[in-house]
Amino acid sequence: MKFFADTADLDDIKDLAATGLLDGVTTNPSLVAKSGRDFKEVVREICGVVSGPVSAEVVALDHDGMMREAEVLRKIADNVTIKVPLTPDGLKTCKKLTADGTMVNVTLCFSANQALLAAKAGATFVSPFVGRHDDNGFDGMDLIDDIRLIYDNYAFETQILVASVRSPIHVLRAAKIGADVMTAPPAIIMGLFKHVLTDKGIEGFLADWKKTGQSI
Ligand code: G3P
């Protein structure tokens, strides 16, 4: 499963990239607002750090407007992935952009039928929001299960990008289901390293090593 960082914070992205485990980045208008940075500038800088797909979202709601914004964004770098909402205009834009060889991430997916539409529109990625699904009294991971089943039934190549990840359990379940990608805030990704027994084990080994008086 590929790991994308769901952030527009360049320092966090650099730290994650240094682990060698970062496969891409997703941003959205809220994350750009949180960064306080100029959108195009921050996307350019992220693309300089990460060679994998970097999602940049259009804000126009109509097809022509989305195409205009996509033209600007995809010129920033070859790894820019245009993020469009799961609407008729969004999917029309998706179809046009993917036909031109541009990667597209169809976002704000909340049902398996919507994911089916995204695949039929040739999306590179579909982003089901599991955390927001949970917030509304559903099990977001059931949605991932359904999308995996449907995509496998028809051998769709659209990658399932599990988004709105809020906990390590979301990551674990996404991996068990066989999602292609998960995107999570940096703190969630760094939290995956943690286990109390790992820390305790290191502590014990170092204490015993000290007793040997040796060095490597
Ligand atoms: O980038 C889209 C998604 O991951 C947002 O997550 O936590 O705002 O629901 P969240």
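This report walks through the ligand site of a predicted model and then its cysteines.

Residues are numbered from 1 along each chain as its sequence is written, and side-chain values use heavy atoms, with hydrogens and water left out.

**The ligand site**

Around the ligand you'll find Asp6, Asn28, Lys83, Phe129, Arg132, Ala163, Ser164 and Arg166, counting residues with a heavy atom within 4 Å of it. That shell splits into two nonpolar, two polar and four charged residues; here Asp, Glu, Lys and Arg count as charged, Ala, Val, Leu, Ile, Met, Phe, Trp, Tyr, Cys and Pro as nonpolar, and the others, Gly among them, as polar.

| Side chain | Distance to a ligand oxygen atom |
|---|---|
| Aspartate 6 | 2.5 Å |
| Arginine 166 | 2.9 Å |
| Lysine 83 | 3.4 Å |

On its own the ligand would expose 310 Å², and the protein buries 83% of that (areas by the Shrake-Rupley method with a 1.4 Å probe).

**The cysteines**

A disulfide is a covalent bond between the sulfur atoms of two cysteines. How many disulfides does this model have? With the cut-off set at two cysteine sulfur atoms within 2.5 Å, the count is zero. For cysteine 47, the closest cysteine sulfur is in cysteine 94, 19 Å away, so that's too far for a bond. Cysteine 109 isn't in a disulfide either, its nearest cysteine sulfur being that of cysteine 94 at 12 Å.

Are cysteine 47 and cysteine 109 buried or exposed? Cysteine 47 is buried, with a relative accessible area of 11%, and cysteine 109 is buried too, at 0% (buried means under 20%, with a 1.4 Å probe and protein chains only).

Key: This is a predicted model: local features need pLDDT of at least 70, side-chain atom pairs count only at pLDDT 80 or more; totals for chains, interfaces and linings use all residues. A polar contact is a pair of N or O atoms within 3.5 Å; within protein, one must be able to donate a hydrogen and the other to accept it, and residues adjacent in sequence count only if both atoms are side-chain atoms. Buried means under 20% relative accessible area, exposed over 50%, partly exposed in between (1.4 Å probe, protein chains only).
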